[in-house]
Amino acid sequence: MLRGFARHQAAVLVAAVEDITAAAPFRNMVTPGGFRMSVAMTNCGRAGWVTDRKGYRYEFVDPMTGRAWPPMPPAFCRLAASAAQAAGFPGFIPDACLINRYEPETRLSLHRDENERDLSAPIVSVSLGLPAIFLFGGLSRGERPRRIALESGDVVIWGGPDRLVHHGVAPLAEGDDPLTGKCRINLTFRKAL
Ligand code: MD3
Ligand code: FE
């Protein structure tokens, strides 16, 4: 966990997210079980994570627009690579960036990220805007998760033996952030292909 690693870049990152969402808007996807996710999502980079009734997967074309996902801004890629290197994962080159938008009361239930081809690559997560409680569970779903407070500019790198742990985000508290307003934005960088 690199507290504040992206703090001085937060405004530039949020501005880049606004450009991305002009081309690939935030949307609430549907799980294979038929539930609408409360967290709104979009992607940039070569591959984008999607879910619908057919399943969880990566797609090169945004199903909402029929066009390729917006390219990953070089500043995103540089930040993810330097955070990974600082955490002991040199050579991390993400090809997918999932962008999550949490509004008050929205949450992400416990799950594992396992749709990526190469599970030896880490995942880099950047928090922007309102604070959140991250739920950090174990390899088995039954393990009671630890609660970790995440603030704007915090970067977390998950890899090695922790790559397949269960994790989630507790319901977001109300608030108003000078940068993002009434929401939290999370950038999740992955090597998907
Ligand atoms: C821990 N997003 O998009 S990112 C997700 O804050 C997701 O939006 C959360 O979980 C968010 O899938 C958390 C941090 C994260 C991502 C992947 C992990 C934590 C992880 C994989 C293994 C362990
Ligand atoms: Fe996840």
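Which elements cover the buried residues of helix H1? The close-ups below start there. This is a predicted model, in which local features need pLDDT of at least 70, side-chain atom pairs count only at pLDDT 80 or more, and totals for chains, interfaces and linings use all residues. Residues are numbered from 1 along each chain as its sequence is written, chains are lettered from A and ligands numbered from 1 in the order in which they are written, and side-chain values use heavy atoms, with hydrogens and water left out.

**View 1. Helix H1 and what covers its buried residues.** The cover includes strand E1 (40-44), helix H2 (74-86), strand E4 (96-102), strand E6 (123-129) and strand E11 (184-190), where contact means heavy atoms within 4.5 Å. Helices (H or I, at least four residues) and strands (E, at least two) are DSSP runs, numbered from the N terminus. Buried means under 20% relative accessible area and exposed over 50%, with partly exposed in between (1.4 Å probe, protein chains only). On H1, the buried residues are Ala 10, Leu 13, Val 14, Ala 16, Val 17, Ile 20 and Thr 21. They fall within an arc of 160° seen down the axis of H1, so they line one face of the helix; the arc is that of the directions from the helix axis to the C-beta atoms. The face turned away from that buried side carries the exposed residues Val 12, Glu 18, Asp 19 and Ala 22.

View 2. Just after H2, look for Gly 88, with a positive phi of about 95°.

**View 3. The iron ion (ligand 2) and its donors.** His 111 (NE2), Asp 113 (OD) and His 167 (NE2) coordinate the iron ion at 2.0 to 2.2 Å. Donors are N, O and S atoms within 2.8 Å of the metal (3.2 Å for Na, K and Ca); water is not among the atoms, so sites may look incomplete. Asp 113 lies in the loop between strand E5 (108-111) and E6, and His 167 in strand E10 (residues 167-169), so the pair ties together parts that are 54 residues apart in sequence. Asp 113 is buried, at 6% relative accessible area, and His 167 also counts as buried, at 14%.
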